[in-house]
Structures are given as structure tokens and as C-alpha cells.
Amino acid sequence: MAERATRRVIAYFIMERKYSRFAELGIAEGKTLKSILKRKPAISLLDEYYAVDSWEEYHGHLKEEWEKYYYEIKEFTKKFPQLKVLRKTTLEAAKDIPDGYLDLVFIDADHSYETVKADIIAWLPKVRPGGVLMGHDYNYSSVKQAVNEIFSQVSKPFARKCWIFEVSKNYFCKIKYVPLFKKMSFLYGEP
Ligand SMILES: C[S@@+](CC[C@H](N)C(=O)[O-])C[C@H]1O[C@@H](n2cnc3c(N)ncnc32)[C@H](O)[C@@H]1O
């Protein structure tokens, strides 16, 4: 679960940059989600908030507990129509989002090396130039390894545990992972 500093970073990007399309990968009981919904200046700017989670068994939580979280999060869509709950794996959900569509993506689902890497590869192309891809728990060696293999430079300017990658033409050339580079060149042009 993302701590207060990370939630602030997310709200900061939305409010300062007037971002309107946000996806959070990994919701669980919705601590971050609820904190964003509570912040009027942030939530009022969002036209679309994709909440992606499979809500399947995870880290020993019981199935019933997970079902409860899912239905609780679904309830919020009545008050916040911009909230789109995608009960899918992160890789399945990526297929629902066009490339270059999102302003901000926050990766906080499974923290294994393989999944973090797969999530970055699937979701980075969804972010438009001028947007941000960020993730949680950079202090985990699995997360750090995946992130460092793809990006030659990430910044952690606002919170201790986040990795942050600014998607722009300038930063684009700092992506190391070659197949991803090729996939994205049609979006942003060659650097
Ligand atoms: C660390 S928790 C998310 C915490 C949340 N972002 C917060 O800050 O309150 C991780 C969540 O990711 C979900 N998850 C793990 N792997 C996933 C995958 N491959 N696809 C979808 N959801 C996944 C789990 O079900 C769990 O709810």
C-alpha cells in the first residue's frame, strides 16, 4: 500500500499538471484510491480514473476479504462516474487502453521482477508525451532491477519509495529496453 508521501505525489501531478486520465495498477482495499477521491481539487480534474486489480488471492488474504474490497470500490463508481473499475490482470487491462491515452500511470500491483517489467512494457506506451509513469516500492530489489533494466534514468524527486519516469521526447531516448523503444517510436518519433 502506498504511503502518504506517494499519495501526495500522485495528487501533486494531477493538480499541478491538470492531468485528467489516470490509471492505478493494484488497488487492494483502495487506500490510495480513497485518498484521491477525498481530495476534491484532484478528483475534480480527473475525467477517467482506471482502477485495475484482479482481486484474486494475494499475499494470504482470504477470497471473501478480496470480494468485499472489490464491491466496496465498485460502490464508489455511483458517486464518481469517472472511476472505471477493471477487475482484470494488469496485462489484460492494458489491452483496453489505447496507446498514448493516459497522463499518469501508477504501478503498484505484483512486485516481482517479472511482473513489474511486464507491467512497464505494457503500460509505458499508454502514457502520452508529457505524461508520467511511476511506480511504488523502488526500495524492493525486484522492482529496482526491473526499473533499472528499462530506464537509464528515473527520478525520485518527491517521495522516498517511488520511481518516476517523465515521458517526453527528451526522456524517451533514455529508455534502454530495445523492443520497447521500437514499439514506442511510432508514438513519439525517433529521438
Ligand atoms: C500493494 S497492493 C495495492 C495497493 C494500492 N495501490 C494502494 O496504494 O492502496 C497490490 C494489489 O495488486 C493486485 N495485483 C497483484 N498482481 C496483479 C496483477 N497481475 N494484475 C492485477 N492486479 C494485481 C493485488 O490483488 C493487490 O490488491
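**Reading the strands, core and ligand shell**

Q: Where does Trp55 lie, and how are such elements named?
A: Trp55 sits in the loop between strand 2 and helix 4. Helices (H or I, at least four residues) and strands (E, at least two) are DSSP runs, numbered from the N terminus. Residues are numbered from 1 along each chain as its sequence is written. This is a predicted model, in which local features need pLDDT of at least 70 and side-chain atom pairs count only at pLDDT 80 or more, while totals for chains, interfaces and linings use all residues.

Q: What is the phi of Trp55, and is Trp55 buried or exposed?
A: Trp55 is not a glycine, yet its phi is positive, about 45°. A residue is buried if 20 or more other C-beta atoms lie within 10 Å of its own, exposed if 12 or fewer, and partly exposed in between, with C-beta atoms placed from the backbone. Trp55 has 21 other C-beta atoms within 10 Å, so it is buried.

Q: Where is Ala28, and what is its phi?
A: Ala28 is in the loop between strand 1 and helix 2 (31–38). Its phi is near 55°, a positive value in a residue other than glycine. Ala28 is buried because 20 other C-beta atoms lie within 10 Å.

Q: How do strands 1 and 2 pair?
A: Two strands pair if DSSP finds at least two bridges between them. Strand 1 (residues 21–25) and strand 2 are parallel, with 5 bridges, and Leu25 stands opposite Val52 in strand 2. Strand 2 also runs parallel to strand 3 (residues 83–86), joined by 4 bridges; there Tyr50 faces Lys84.

Q: Why is strand 2 largely enclosed by the rest of the structure?
A: Of the 5 residues in strand 2 (residues 48–52), 4 are buried, so the rest of the structure largely encloses it.

Q: Which residues have the most contacts inside the largest nonpolar core?
A: In soluble globular proteins, nonpolar side chains tend to be buried together. A nonpolar core is a set of buried Ala, Val, Leu, Ile, Met, Phe, Trp, Tyr and Cys residues joined through C-beta atoms within 7 Å. The largest one here has 53 residues, and those with the most contacts inside it are Ala51, Leu104, Val105, Trp123, Leu133 and Val147. Strand 4 (residues 102–107) supplies the largest share of this core, 5 residues.

Q: Which residues are closest to the ligand?
A: A residue is near a molecule if its C-beta atom, placed from the backbone, lies within 6 Å of it. Here 19 residues surround the ligand, the closest being Ala2, Gly26, Ala28, Thr32 and Asp110.
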